[in-house]
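Reader: I'm new to this structure. Could you walk me through how to read it?

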There are 2 protein chains.
Amino acid sequence: MEGPRTLQRTHLLTVGDGRFLAVESHVVAFPDGAVVEDWGWVISPDYINVVAVTEDEHFVCFRQPKYAVAGLSLGVTGGYIEAGEEPLAAAQRELLEETGYVADNWRHLGSYAVDGNRGAGTAHLFLATAARWQQPIDADDLEEQELLLLDRESVERALLAGEFKVLPWAANVALALVALNNAQAT
Amino acid sequence: MEGPRTLQRTHLLTVGDGRFLAVESHVVAFPDGAVVEDWGWVISPDYINVVAVTEDEHFVCFRQPKYAVAGLSLGVTGGYIEAGEEPLAAAQRELLEETGYVADNWRHLGSYAVDGNRGAGTAHLFLATAARWQQPIDADDLEEQELLLLDRESVERALLAGEFKVLPWAANVALALVALNNAQAT
């Protein structure tokens with residue numbers, strides 16, 4: 001099975017300094033012979049998310065507002081990958097910065113195109129286990145998100161009730177639960 | 001906890017006829033007093049995805065190319081919601097169009113902001129059980145995606161190996177596995 005091919009790329013838009021959002025138009029040839037002349041392509045930074053679980057099986061979560069979400073959402077650690085940074089290093093950095101936790105065991109839960117048609121960067125998802133508190137977090141971050149330690153049953157119930165309202169957060173929590181169940185079963 | 005507020009919206013770009021992609025710049029006031037003048041905001045259509053499971057516990061999947069993905073990916077049913085259409089109706093329509101299957105039981109697995117900062121539409125995820133084949137699918141769709149019936153163990157293994165390469169597909173499969181495990185446990 002052959003996939004679509006890019007015949008041409010045209011820069012259309014840079015928002016601000018271009019660090020967070022730019023848009024291209026692609027000419028795309030599809031396997032059935034169709035050619036689309038104005039295929040929108042979104043360029044936004046790759047990011048990581050981390051589900052961190054302590055040794056006594058509590059999940060390090062947040063309750064926080066988020067621009068695209070009405071009201072508050074449950075969330076997990078996340079952030080953009082810096083230039084030249086490996087995804088795992090970004091995940092470890094963000095976990096420490098946002099929560100003050102470190103973890104011994106890191107498992108990669110996959111790297112995903114955020115939008116299968118329009119790109120929008122890659123989401124690298126991680127599960128960190130044997131997480132433990134190491135240092136206080138920066139007070140600036142404290143105001144915007146409330147740190148919560150939730151047991152597995154509460155996390156699962158909240159997930160299935162849609163309380164992790166941002167797609168990569170729900171994806172990361174669900175993948176972490178599948179991975180943890182799978183590890184227990186084998 | 002108060003969230004960020006939109007002070008102003010400016011239209012920046014429409015790609016093609018605007019059906020799939022437009023971009024705005026927002027002026028956003030954050031709770032800490034900061035104001036960002038050029039916050040990029042992506043407008044793309046809301047969509048559905050469906051994990052359909054047959055009565056003998058086979059998952060209705062695809063193997064297919066996708067523009068934002070290198071090589072082939074495993075996938076699930078998905079599509080944009082049409083004007084005036086309810087998410088559940090879109091999910092039922094797309095399942096029949098793409099696979100020829102119908103299902104008796106539908107469960108909503110949540111509605112998610114695709115990008116917590118920049119919007120990019122809402123993903124509505126569903127689990128359909130007691131799915132059964134009803135009619136042949138349109139030959140045009142056949143060429144682009146190979147239909148596969150995978151047992152639960154194969155789906156879980158492929159998921160944890162990162163073979164569902166698009167974020168909402170992996171999210172939907174992981175959420176479906178959590179929901180199915182949860183239903184068995186209770």
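Reader: In which sense do S4(A) and strand S7 of chain A pair, and over how many bridges?

Author: Two strands pair if DSSP finds at least two bridges between them. Here S4(A) and S7 (residues 77–80) of chain A are antiparallel, with four bridges. One bridge partner of A:Val50 is A:Thr77 in S7(A). A word on the source: this is a predicted model, where local features need pLDDT of at least 70, side-chain atom pairs count only at pLDDT 80 or more, and totals for chains, interfaces and linings use all residues. Residues are numbered from 1 along each chain as its sequence is written, and chains are lettered from A and ligands numbered from 1 in the order in which they are written.

Reader: How does S4(A) run relative to strand S9 of chain A?

Author: Strands are DSSP runs (E, at least two residues), numbered from the N terminus. S4(A) and S9 (residues 119–133) of chain A run parallel, joined by seven bridges. In S9(A), A:Val50 has A:Phe126 as its bridge partner.

Reader: Which residue takes a positive phi in the hairpin of S4(A) and S5(A)?

Author: That is A:Glu57, with phi near 65°, in a hairpin with three residues between the strands. S4(A) and S5 (residues 58–65) of chain A pair in the antiparallel sense over two bridges, and A:Val53 has A:Phe59 as its bridge partner in S5(A).

Reader: Is strand S4 of chain A mostly covered or uncovered?

Author: A residue is buried if 20 or more other C-beta atoms, placed from the backbone, lie within 10 Å of its own. In S4 (residues 47–54) of chain A, seven of the eight residues are buried, and the strand is mostly covered.

Notes: Buried ≥ 20, exposed ≤ 12 C-beta atoms within 10 Å, placed from the backbone.
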